[in-house]
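Good morning, and thank you for coming. Please look at the sequence and the structure together while I speak.

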Amino acid sequence: MMNTGWNFHTTYNKLSPDFYSTVHPVPADKPELILLNSRLADELGLDFSIVDRSQLASIFTGNQLPEGAEPISQAYAGHQFGHFTMLGDGRAIVLGEHLAPDGQRYDIQFKGTGRTPYSRSGDGRATLYSMLREYLISEALFHLGIPASGSLAVTETGQPVYRETVHPGAVLTRVASSHIRIGTFEFAARFLSPDKRQELLDYTISRHYPDLEETENKALGLLNRVALKLLNLVIEWMRVGFIHGVLNTDNMSIAGESIDFGPCAFMNGFDPATAFSSVDTNKRYAFGNQPGIVQWNLGVFAGTLLPFIDKNEDKARESAQEVIQKFVSQFEEEWYRMMGNKLGFKKTGKQEKELINQLMSWMQRSKADYTNTFLIIAKPAETPDYFNTDQEFLSWYDQWIAVLEKQHGGLSEARLRMTNINPVYIPRNHIVEEALTKASSHGDYTNFHTLLERLKRPYREQWEAKDLQSIPPGFDEKYKTYCGT
Ligand code: AMP
Ligand code: MG
């Protein structure tokens with residue numbers, strides 16, 4: 001095959017075979033290329049310009065494996081909605097680890113290429129709708145500046161997939177720093193011997209946190225690092241109103257990237273209780289619960305590391321507890337800092353925190369749009385009427401301006417800071433759904449591509465993108481997302 005730049009140097013398959021199974025993609029009948037991400041291909045040092053469309057379709061459905069690929073499915077477990085379950089890649093195959101020109105290592109993974117030994121009762125397939133959704137959301141997060149797995153391609157397989165209704169089948173090519181999850185450690189802790197657990201620990205450190213190799217307590221070091229990565233990740237989600245929707249421990253990457261976009265959504269009107277997932281009946285994974293859930297997941301991770309933190313179980317527990325408890329105050333500190341940035345503050349002290357709290361309560365009471373509010377306050381000249389008539393808001397606004405002036409530079413300087421942190425455009429749920437339905441059910445990609453282009457510049461005003469700033473009345477009350485299988 002022509003040399004497109006694939007550079008596989010896979011290491012995961014050097015681990016003990018307990019951690020994976022060798023699996024080959026089930027060939028697709030009529031592969032067809034739907035999307036190829038040229039930005040990501042460039043970053044990976046891949047050049048597909050010399051490959052024709054039918055061959056690309058064949059490559060990205062797994063019919064023709066790239067040179068050097070050594071496909072495996074990974075074993076893992078996880079706590080789903082709080083309950084332990086054995087899982088594993090039920091519909092995903094890692095082709096291998098590709099080294100990009102900058103030396104970065106990436107898992108290249110197919111999602112939707114058929115059953116694996118971990119499929120349980122599933123068919124190993126994916127619908128076009130859900131793979132397009134993952135492509136769109138991962139691109140949106142990337143351009144918002146939020147760590148996330150990437151989407152390199154979407155193909156149609158030509159085979160139907162049966163859910164409540166019949167869907168076109170599709171394959172997504174996913175790119176991630178790795179697919180090691182908290183659930184991978186749970187799998188090892190529950191089912192494997194101490195030396196194999198040690199093997200996973202050493203592997204993870206050398207792959208993601210190699211500077212810990214020289215430290216005295218590597219396991220505690222890893223726990224600290226992962227806690228910081230996930231803290232940063234959840235802060236970023238809170239910044240833009242992202243609701244992951246299914247924050248089970250198997251969907252938490254050790255590398256700190258957003259992964260596994262099933263029922264995820266973006267919040268419109270501010271309310272910490274916002275949850276759209278049809279299966280999240282108790283709102284466990286609601287917007288405002290995410291930090292607490294990440295902390296809970298870290299607790300599960302810590303549990304898998306205890307014997308490596310200290311031979312004395314009490315001591316191990318104490319050290320781990322300290323990291324997990326510290327998460328609360330660290331989160332609070334970082335959250336205020338982030339919100340302070342959203343409001344253009346140069347520093348976030350007591351008075352600024354008070355203003356943040358007041359604004360959040362006002363937003364919640366008035367169901368103000370989480371994205372638009374920060375844009376509107378930065379541009380009072382364009383303020384809509386309801387802001388002018390709300391006395392409570394106006395008094396808050398005056399105090400905010402006074403604080404900005406005390407910090408020197410006033411609103412004009414604050415506005416500059418605010419534009420780089422407050423997105424103008426997020427993937428509004430109703431527009432996402434319309435674009436996905438048109439594309440997956442009618443083969444009409446016009447809306448999909450328009451939306452994708454707009455989401456590539458989320459911080460810059462685009463006069464033609466105004467429709468991304470208003471929500472049809474009553475939409476949120478009825479909106480539901482599904483696990484996207
Ligand atoms: P997710 O909700 O996508 O994180 O998936 C949870 C688990 O179910 C993972 O282990 C998936 O690999 C598995 N899974 C999801 N959909 C399917 C499917 N269609 N066939 C087999 N396994 C699946
Ligand atoms: Mg998952």
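N251 and D260 are both buried, where buried means under 20% relative accessible area, exposed means over 50%, and partly exposed lies in between, with a 1.4 Å probe and protein chains only. These two residues are the protein donors of the magnesium ion, ligand 2, through OD1 of N251 and OD of D260, at 1.9 to 2.1 Å from the ion. Donors are N, O and S atoms within 2.8 Å of the metal (3.2 Å for Na, K and Ca), and since water is not among the atoms, sites may look incomplete.

Please keep in mind that this is a predicted model, in which local features need pLDDT of at least 70 and side-chain atom pairs count only at pLDDT 80 or more, while totals for chains, interfaces and linings use all residues. Residues are numbered from 1 along each chain as its sequence is written, chains are lettered from A and ligands numbered from 1 in the order in which they are written, and side-chain values use heavy atoms, with hydrogens and water left out.

I turn now to ligand 1. Which of the 17 residues around ligand 1 come nearest? They are G88, G90, D123, G124 and N251; a residue is near a molecule or strand if one of its heavy atoms lies within 4 Å of it. By class, this shell holds 2 nonpolar, 8 polar and 7 charged residues. Here Ala, Val, Leu, Ile, Met, Phe, Trp, Tyr, Cys and Pro count as nonpolar, Asp, Glu, Lys and Arg as charged, and the others, Gly among them, as polar. At least three residues of the shell come from each of domain 1 (12-179) and domain 2 (219-424 + 463-485), with bounds from an automatic or database domain assignment.

Let us consider individual contacts. A polar contact is a pair of N or O atoms within 3.5 Å; within protein, one must be able to donate a hydrogen and the other to accept it, and residues adjacent in sequence count only if both atoms are side-chain atoms. Oxygen atoms of ligand 1 lie 3.3 Å from a polar side-chain atom of Y76 and 3.0 Å from one of N251. A polar backbone atom of G124 is 2.8 Å from a nitrogen atom of the ligand. On its own, ligand 1 has 480 Å² of accessible area, of which the protein covers 87%; such areas come from the Shrake-Rupley method with a 1.4 Å probe, and for residues only the protein chains shown count as cover.

Next, two backbone angles. Most residues other than glycine have a negative phi. F81, however, has a positive phi near 50°, and F81 sits in the loop between β4 (77-80) and β5 (83-86). Helices (H or I, at least four residues) and strands (E, at least two) are DSSP runs, numbered from the N terminus. For K367, phi is also positive, near 50°, and the residue belongs to the loop between α9 (350-366) and α10 (370-378). Is K367 buried or exposed? K367 is exposed, because its relative accessible area is 56%, whereas F81 counts as partly exposed because its value is 28%.

Q159, in strand β8 (residues 150-162), is buried because its relative accessibility is 18%, and its side chain reaches the backbone nitrogen of D29 at 2.9 Å. H208 belongs to helix α5 (residues 194-208), and its C-alpha atom is 6.6 Å from that of A255, 47 residues away along the chain.
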